[in-house]
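Here are a few friendly notes to read alongside the structure. Keep the 3D view open and look for each residue as it comes up.

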Amino acid sequence: MIKALIFDLDGVITDTAKYHYLAWRELALGLGFDFTEEQNEQLKGVSRIKSLEILLEIGGIIVDEDIMEQLADKKNTRYVEFISKMTPDEILPGVVDFLKKAKTEEYKIGIGSASKNAQTILNRINLNSYFDVVIDGTKVHKPKPDPEVFFKAASELNVKPEECIVFEDAEAGIEAAVNGGFHSVGVGNSKSLGSADYTISGFENVLIEDLIKLIE
Ligand code: B16
Ligand code: MG
């Protein structure tokens, strides 16, 4: 029986990938190479430092650990400038109605995000009140596809993995859900979400009861 819903943040609740992309591209250009939107797909759901490793590999650049940290900080400073201007208009279509219905039906609701900026984003888009628990990159040690972030969310919600549905837009996130024994719904059109139990293009016109029937 499904008792809880755990949502990834970036790409599921709101589209912050565009801001990650702008900040990573600025960093890349500063280092002397370009970085395309297509290449940015590889960074979705991936931790900040792993994203930097991928970016530097694309640019063919090798740096030591100190410089890695400085570059990650530089990108994050720029990213935070972008997200600090976010508004509730940037919540993806259908999300608020879906969350409202889930609350009315008394599902427990959590966030399971790799981002260390999740709380800033939730404050900016004014969605905090829907979530019983927020587990983000500041609270876990192992990045997705390790299921730690979802295990922690389930544990704080006092439910078992098989009683949860994880909503994810990234391959690493779906893998994390599958690895942890969670039900999973892929959100978006990416072909890489094939291992999810079910895929939706977004939350618009998606009824929670229909989804539960398909999953259970
Ligand atoms: P930050 P999610 C992930 O969030 C993003 O998809 C990914 O692109 C980003 O690198 C990661 O958070 C870390 O974000 O630099 O803000 O800590 O999709 O797991 O909600
Ligand atoms: Mg995501």
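1. Let's start with the ligand. Ligand 1 is surrounded by 18 residues, and the closest are V46, S113, S115, K116 and N117. Please keep in mind that this is a predicted model.

2. What kinds of residues make up the shell around ligand 1? By class, the shell has seven polar, six charged and five nonpolar residues.

3. Now zoom in on some oxygen atoms of the ligand. In the side chain of S113, an N or O atom is 2.7 Å from an oxygen atom of ligand 1. The side chain of K144 also has an N or O atom 2.9 Å from an oxygen atom of ligand 1.

4. How much of the accessible area of ligand 1 does the protein cover? On its own, ligand 1 has 470 Å² of accessible area, and the protein covers 97% of it.

5. Next, turn to a pair of helices. Helix α3 spans residues 48-59 and helix α4 spans residues 65-83; their axes are 10 Å apart, and the helices pack at an angle of about 105 degrees. Angles from 65 to 115 degrees count as roughly perpendicular, so α3 and α4 are roughly perpendicular to each other.

6. Which residues make the contact? From α3 come R48, I49, L52, E53 and L56, while α4 brings M68, L71, A72 and N76. The residues of this contact of α3 with α4 divide into six nonpolar, two charged and one polar.

Technical notes
Residues are numbered from 1 along each chain as its sequence is written. Chains are lettered from A and ligands numbered from 1 in the order in which they are written. This is a predicted model: local features need pLDDT of at least 70, side-chain atom pairs count only at pLDDT 80 or more; totals for chains, interfaces and linings use all residues. Side-chain values use heavy atoms; hydrogens and water are left out. Axes are lines fitted to C-alpha atoms, for helices over the stretch in contact, and angles run from 0 to 180 degrees between N-to-C directions. Helices (H or I, at least four residues) and strands (E, at least two) are DSSP runs, numbered from the N terminus. Angles under 35 degrees count as roughly parallel, over 145 as roughly antiparallel, 65 to 115 as roughly perpendicular and the rest as oblique. Contact means heavy atoms within 4.5 Å. Ala, Val, Leu, Ile, Met, Phe, Trp, Tyr, Cys and Pro count as nonpolar, Asp, Glu, Lys and Arg as charged, and the others, Gly among them, as polar. A residue is near a molecule or strand if one of its heavy atoms lies within 4 Å of it. A polar contact is a pair of N or O atoms within 3.5 Å; within protein, one must be able to donate a hydrogen and the other to accept it, and residues adjacent in sequence count only if both atoms are side-chain atoms. Accessible areas come from the Shrake-Rupley method with a 1.4 Å probe; for residues, only the protein chains shown count as cover.
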